[in-house]
Amino acid sequence: PPEKTWWKEAIVYQIYPASFLDSNADGLGDLPGIISKLDYLSSLGINTIWLSPIFKSPQDDMGYDISDYRAIHEPYGTVSDVEELIAGLHARGIKILLDLVVNHTSDRHAWFQESRKSKESKKRDWYFWRDAKYSEKGERKPPNNWASVFGGSAWTWDQGSQQYYLSLFLPTQPDLNWANEDMRRATYADMEFWLQKGVDGYRIDSMNLMSKHPDLPDAEVTDPGQEFQSGAEYFASGPRMHEYIKEIRQEVLDKYDCMTVGELGFTKDEESVRMYVAKERGELQMLFTGDVVDMDFGVDGKYGHNAFKPSYLKKLTKLWQEAMPKFEGWNAVYLDNHDSGRSLSRYASDLPEYRETAAKMLATYLCTLSGSLFLLQGQEIGMANVPREWGIEDYIDVEGRNAYAAIEKQRGPGADMRDVMKELRLKARDNGRLPMQWNDSKNAGFTKSSKPWMRVNTDYPEWNVESQLNSESSVFAYYKEMLALRKKEADVFIYGSFKMLDTQEEVFAYTMSKSDGSRQALVLLNLSDSEQNFEAKGYNGWSRLIGGAEDEVAVKDSVTLKPYEGRVFCNW
Ligand code: ISL
């Protein structure tokens, strides 16, 4: 059985600071807002929070563009607010993870300001600077053909110093050059700054982009219709990646009893994952494998159409649940984050007739799998994606807007964009960033300002924390019960082993077993909008653990699952 440690038992609640709670009526969430809700978080049963970036930033990418890693974005609060937050969390037995964004900085960061001054700058080599190329006609061209994740070229021209710099995300997010040792040392000092203050670990943003191929070669042209191509094969999981991770461990992390979870984009295969998390490698504790949020991306990109199929989720759940025990790695179990649509609306259903059942079914999935668990704020009350009737003007995130604009440009003026709006409504980052719905007062109690930074979902009068706290059958009540069960039966769920059962496409069925085989749970999830029958002869007599009708005490031959229903039975 896996060795037990606190971080394996982590139940992490991701807070998106801008959208959690606004305490001073400026329309934006803040640290005092978070501090005022610690008892709420504690009552849910989580034991860790992950804060998306709170640092000083021009907010071109909602704080993932940091200009000073030791200062706080003023509207969020101050360093002493963070200290108060840490103390308040620790007093309640809750740990805190910060977001470590060190693949890039903001162009307003002092390091970049210095770096861009001239080719001779002492910090020139802290970023990627390259000369322009010129076409036969003498037009200036970027040094290679890589596309930015947010569209356009991955290179930005700097008029002042007459070179291009690499910016894989926005032009105002220059990539740091990890090959430079001074830059690495400075970054480690920033990491220590917060660990010294008592934070319990980091979620490492864009973790595997930190080492690029040293020659930055042109990417293979896979999409001839596009000017720029994905250079992922040259900028993801590059040759020095593991060396850097080991160095971070040695120089910083190993001095603290802390938790690390790396964001793994682009790379998806088992062997690459093994290299980061196998116990013998001594690198990271766990990873967010990007396939969980990519499974319904189209062949032509994120907003291409590719209807979700239950088999997508079954396949990757089976892959990682079975892979980790092989090399003593550890799973980060999740479905939602701030970079995509909510799983409820995307992989299940938020239609009124199914919403509550579906949200509970997804909770059942999350809370029964082996690994550290990550929930996104609002998931505990079944928050959904933006209303279907919202137009492109209601979407404010740069990634979705850029993608929409690029497709519109390709199609030409006046083109029908309804299909793209459907995809945005499923997958755009705005969906995961909607303000938290606390109660049925104006703007869901998120802010007293008449201008929330982002429009509040119109479903809040019905879907909010307050109403669910008053109900025993709410999604919140279910999460609370499910999380308690996960902790109580940690040997079965957190540390147990997964076995997938053969069923029809619509049903995801698996067992979770304690390592000595003595305790077993049968998890049945209906991922469709029709009733499904599960042949359960081999499980006759197993008793109801959670889900379904309370008066149904034991399995008898078969189990009927209502649309989007999840049920768990056990042999004890
Ligand atoms: O890997 C990807 C696709 O498979 C990308 O989605 C990539 O992993 C992701 O965009 C990185 O996200 C993180 O860094 C971004 C920031 O905008 C996101 O919010 C953050 O989660 C740049 O810092």
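Which domains does the domain assignment of the protein give? Within that setting, which residues of α5 are buried, and which are exposed?

Analyst: This is a predicted model, in which local features need pLDDT of at least 70 and side-chain atom pairs count only at pLDDT 80 or more, while totals for chains, interfaces and linings use all residues. Residues are numbered from 1 along each chain as its sequence is written.

The domain assignment gives domain 1 (106–180 + 195–289) and domain 2 (497–570); such bounds come from an automatic or database assignment. The centres of the two domains, taken over C-alpha atoms, are separated by 44 Å.

Helix α5 covers residues 181–196. Helices here are DSSP runs (H or I, at least four residues), strands are runs of E with at least two, and both are numbered from the N terminus. The expected span of a helix is 1.5 Å times one less than its number of residues. For the 16 residues of α5 this gives 22 Å, which agrees with the 22 Å between its end C-alpha atoms.

The buried residues of α5 are Met183, Arg184, Thr187, Met191 and Trp194. They lie on the same side of α5, because they cover an arc of only 100 degrees around the axis, the arc being that of the directions from the helix axis to the C-beta atoms. On the other side, Glu181, Asp182, Arg185 and Gln196 are exposed. A residue is buried if 20 or more other C-beta atoms lie within 10 Å of its own, exposed if 12 or fewer, and partly exposed in between, with C-beta atoms placed from the backbone. The cover over the buried residues includes β5 (95–100) and α7 (241–251), where contact requires C-beta atoms, placed from the backbone, within 7 Å. Just after α5, glycine 198 takes a positive phi of about 105 degrees.

Phenylalanine 266 sits in the loop between β12 (259–264) and α8 (270–277), and it counts as partly exposed because it has 17 C-beta neighbours inside 10 Å. Aspartate 557 belongs to the loop between β20 (543–546) and β21 (558–561); with 9 other C-beta atoms within 10 Å, aspartate 557 is exposed.

Technical notes. Two residues are in contact if their C-beta atoms, placed from the backbone, lie within 7 Å.
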